[in-house]
Amino acid sequence: MSEKSGGGPGNPRAIVVGHGEFAGGLVSAVGQICGMADRLVVLTMMGMTPEDIEATIRDQLARTGARVIFTDLPAGSATIAARRIVKDDPGLVLVSGVNLATLLDFVFNTELSPTDAARAAAERGKASLIVVGR
Amino acid sequence: MAIHLYRIDDRLIHGQVVVGWGQPLNIRLIILVDDLVASSDWEKELYRMAVPPDMEVRFVDVAAAIRDHARYELDPRPGLLLTGDIASMHRLVAGVKAIGSVNLGGIHHRAGRSEKLRYIYLTPEEERELKELEAAGVEVTAQDVPSARAIPLPEVLEGAAR
């Protein structure tokens with residue numbers, strides 16, 4: 001698993017992890033739209049054992065102080081690993097199925113705690129899915 | 001045949017299994033064969049929550065999988081049998097003697113293993129067990145996702161496809 005900050009100074013408030021380059025792409029889009037990618041830490045899990053994925057997420061949470069984990073698929077290895085971590089630390093929040101609208105709402109919401117902001121952002125992300133056409 | 005794929009994957013249930021293989025094969029039943037997971041209600045719930053509601057997961061240890069294999073084959077739903085390591089599949093094949101092919105889906109790097117493919121790392125003991133499977137008449141190929149080429153075991157062990 002590789003790790004990089006979204007770029008620029010700031011205290012990361014969440015970790016974003018998913019399949020392939022999903023996390024990097026999503027955080028790159030956050031940076032392009034609002035320049036706040038430094039609030040997020042990007043992790044990829046390619047080529048890692050489940051144990052390594054879990055250990056790396058735990059390490060990044062400890063290193064950055066982030067209290068929120070965003071993952072892509074409910075069935076993904078990162079989500080499985082994150083659920084194990086949240087079981088051990090109920091003060092953390094996991095949001096699975098993250099999309100760009102979720103992350104944008106999260107990084108802008110600095111009035112709430114990161115965990116409360118994550119819950120609010122998840123609702124915004126759900127509402128952002130629309131279907132146009134017949 | 002009810003079980004369409006016998007897969008070794010150290011991540012057990014994850015995106016490639018549920019979506020990558022699950023959708024094209026229309027998988028409706030996953031037999032997750034793992035002694036540790038089968039003994040833990042929390043682990044079972046962890047993996048059960050990772051699959052969509054129209055997909056059933058049964059959690060069994062290797063001994064139960066050997067005992068109940070014939071029943072899995074009679075289940076009308078398309079199925080996928082999953083182990084997290086080569087040793088468990090090796091024991092299952094030896095006990096069932098009716099498994100024709102095994103898919104290597106993901107065995108990742110850890111101490112003592114050497115790289116064979118991007119997603120396959122093996123210890124000498126694991127190589128020996130895979131060769132024994134083939135010697136017993138089981139076709140062993142590596143293929144992480146359906147769109148990839150199924151790589152025969154000899155080619156995997158040579159590391160030529162890296």
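**Entry 1. Asp68(B) and Arg71(B)**

I looked up the side chains of Asp68(B) and Arg71(B) in this predicted model and found that they meet in a salt bridge, at 3.4 Å from N to O. Both residues lie in helix H4 of chain B, three residues apart, which is about one turn of the helix. I then checked the accessibility of each partner. Asp68(B) has a relative accessibility of 10% and counts as buried, whereas Arg71(B) is exposed at 57%. I note the general point that side chains of opposite charge can pair when their charged atoms come close.

**Entry 2. Arg58(B) and Asp75(B)**

I next examined the salt bridge between Arg58(B) and Asp75(B), for which I record 3.5 Å from N to O. This pair links distant parts of the chain, its members being 17 residues apart. Arg58(B) belongs to strand E3 (residues 56-60) of chain B, and Asp75(B) sits in the loop between helix H4 (62-74) and strand E4 (79-83) of that chain. Arg58(B) is partly exposed, with a relative accessible area of 28%. Asp75(B) counts as buried at 12%.

I turned to chain A and found a salt bridge between Glu54(A) and Arg58(A), whose closest N and O atoms are 2.9 Å apart. How far apart are Glu54(A) and Arg58(A) in helix H2 (residues 50-64) of chain A? They are four residues apart, and so are separated by about one helical turn. Glu54(A) counts as buried at 18% relative accessibility, because the cut-off for buried is under 20%. Arg58(A), at 30%, counts as partly exposed.

Glu54(A) and Arg58(A) are linked with Arg84(A), Asp88(A) and Glu43(B) in a network of salt bridges. For the structure as a whole, I noted 26 salt bridges over all chains.

**Entry 3. Rings and charges**

I searched for aromatic pairs and the count came to one over all chains. Phe70(A) and Phe106(A) form this pair, which is edge-to-face, with 5.1 Å from centre to centre and 80° between the planes. The pair links distant parts of the chain: Phe70(A) is in strand E4 (residues 68-71) and Phe106(A) in helix H4 (residues 100-108) of chain A, 36 residues apart.

Arg13(A) lies over the face of Phe106(A), at 5.2 Å from the ring centre.

**Entry 4. Nonpolar cores**

I recorded that the largest nonpolar core has 34 residues. Among those with the most contacts inside it are Leu81(B), Met89(B), Leu104(B) and Leu130(B). Helix H5 (residues 86-96) of chain B gives the most to this core, with five residues. A second, separate core of 23 residues includes Ala14(A), Phe70(A), Ala118(A) and Ala122(A). In soluble globular proteins, nonpolar side chains tend to be buried together.

I took Leu104(B) for a closer look. Leaving aside its neighbours within four places in sequence, its contacts include Ile8(B), Tyr119(B), Ile120(B), Leu130(B), Ala142(B) and Leu153(B).

**Entry 5. Trp21(B)**

I ended with Trp21(B), which lies in helix H1 (residues 15-21) of chain B. Trp21(B) counts as buried at 6% relative accessibility. With neighbours within four places in sequence left aside, its contacts include Leu5(B), Arg7(B), Ile27(B), Leu80(B), Asn103(B) and Pro146(B). As a distance check, I noted that Trp21(B) and Leu122(B) are 101 residues apart in sequence and 23 Å apart in space, C-alpha to C-alpha.

How values were computed:
Residues are numbered from 1 along each chain as its sequence is written. Chains are lettered from A and ligands numbered from 1 in the order in which they are written. This is a predicted model: local features need pLDDT of at least 70, side-chain atom pairs count only at pLDDT 80 or more; totals for chains, interfaces and linings use all residues. Side-chain values use heavy atoms; hydrogens and water are left out. Rings of Phe, Tyr and Trp (its six-membered ring) pair if their centres lie within 6.5 Å; planes under 30 degrees apart count as stacked, over 60 as edge-to-face and the rest as tilted. Helices (H or I, at least four residues) and strands (E, at least two) are DSSP runs, numbered from the N terminus. A charge sits over a ring if NZ of Lys or CZ of Arg is within 6 Å of the ring centre and within 35 degrees of the ring normal. A salt bridge is a side-chain nitrogen of Lys or Arg within 4 Å of a carboxyl oxygen of Asp or Glu. Buried means under 20% relative accessible area, exposed over 50%, partly exposed in between (1.4 Å probe, protein chains only). A nonpolar core is a set of buried Ala, Val, Leu, Ile, Met, Phe, Trp, Tyr and Cys residues joined through side-chain atoms within 4.5 Å. Contact means heavy atoms within 4.5 Å.
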